[in-house]
Amino acid sequence: MVPLGPWSMPQIVGPLSHDADDDDPSMTADGLEVFFDTIRSGNPDIWVSKRNSVNDPWGMPTSVDELNSLDTESNQTVSPDGLTMYIPSNRDDPLAPSLIYRATRLSRSSAWTMRVSFASDHGLPGVGSRSRRRKPSRRDPSPRATSTRR
């Protein structure tokens with residue numbers, strides 16, 4: 001096995017970087033769509049950037065309105081084929097911990113259809129109950145949400 005060598009110096013990815021806390025990128029296997037959460041519109045929502053080939057630059061990101069609610073969507077994961085996405089959200093109860101929702105679309109050019117929470121869809125009792133410890137949001141200004149890097 002031939003070592004690949006050290007990583008290159010990280011570089012900012014133009015249109016995917018904004019001072020509004022862009023986070024949690026999830027890319028399709030072909031490298032043509034990247035989904036991420038951001039507060040560009042004032043609320044943690046899912047946005048997407050597309051390109052025609054892996055050699056092309058990323059297009060300007062747009063909000064994926066059919067996946068977003070008035071509450072928090074973040075840490076989404078898109079499937080390799082780009083037709084299914086799992087989205088942690090507290091859309092049903094903003095005071096409760098997030099549940100995982102599944103969204104699907106028929107093709108990459110189709111709109112997303114939001115499904116019920118993964119727990120409800122699979123009849124899993126107790127998943128998402130208030131007894132779970134809520135992970136502090138990176139956008140939570142309380143002292144318990146701060147961290148330091150060394």
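The legends below describe close-up views of a predicted model. Local features require pLDDT of at least 70 and side-chain atom pairs pLDDT 80 or more, whereas totals for chains, interfaces and linings use all residues. Residues are numbered from 1 along each chain as its sequence is written, and side-chain values use heavy atoms, with hydrogens and water left out.

**Figure 1. Overview of the protein, with one helix and eight strands.** Helices (H or I, at least four residues) and strands (E, at least two) are DSSP runs, numbered from the N terminus. Along the sequence the pattern is β-β-β-β-β-β-β-β-α. Of the 150 residues, 33% are buried, where buried means under 20% relative accessible area with a 1.4 Å probe and protein chains only.

**Figure 2. The open sheet of four strands, in the order β1-β2-β3-β4.** The pairing is antiparallel; two strands pair if DSSP finds at least two bridges between them. The edge strands, β1 and β4 (62-63), each pair on one side only. Strand β3 (residues 45-50) is joined to β4 by two bridges, and tryptophan 47 stands opposite serine 63 in β4.

**Figure 3. The second largest pocket, with a volume of about 230 Å³.** A pocket is an open set of points on a 1 Å grid over the protein atoms alone, where a 1.4 Å probe fits, with protein on both sides within 12 Å along at least five of seven lines; lining residues have an atom within 4 Å of a point. The volume is the space filled by probe spheres set on the points, which are joined across faces, edges and corners. Of the 15 lining residues, Val13, Leu16, Ser17, Pro25 and Val34 lie nearest the centre of the pocket. β1 (23-27) and β2 (33-38) each supply at least two residues of the lining, and the largest share, five residues, comes from β1.

**Figure 4. The hairpin formed by β5 and β6.** Two bridges join strand β5 (residues 77-78) to β6, and these strands run antiparallel. Valine 78 has methionine 85 as its bridge partner in β6. Five residues lie between the two strands, and glycine 82 in the turn has a positive phi of about 75°.

**Figure 5. Strand β6 (residues 84-89) and its alternating side chains.** Six bridges join β6 to strand β7 (residues 99-104), the two running antiparallel. Proline 88 has isoleucine 100 as its bridge partner in β7.

Methods. Buried < 20%, exposed > 50% of the residue type's maximum accessible area, 1.4 Å probe, protein only.
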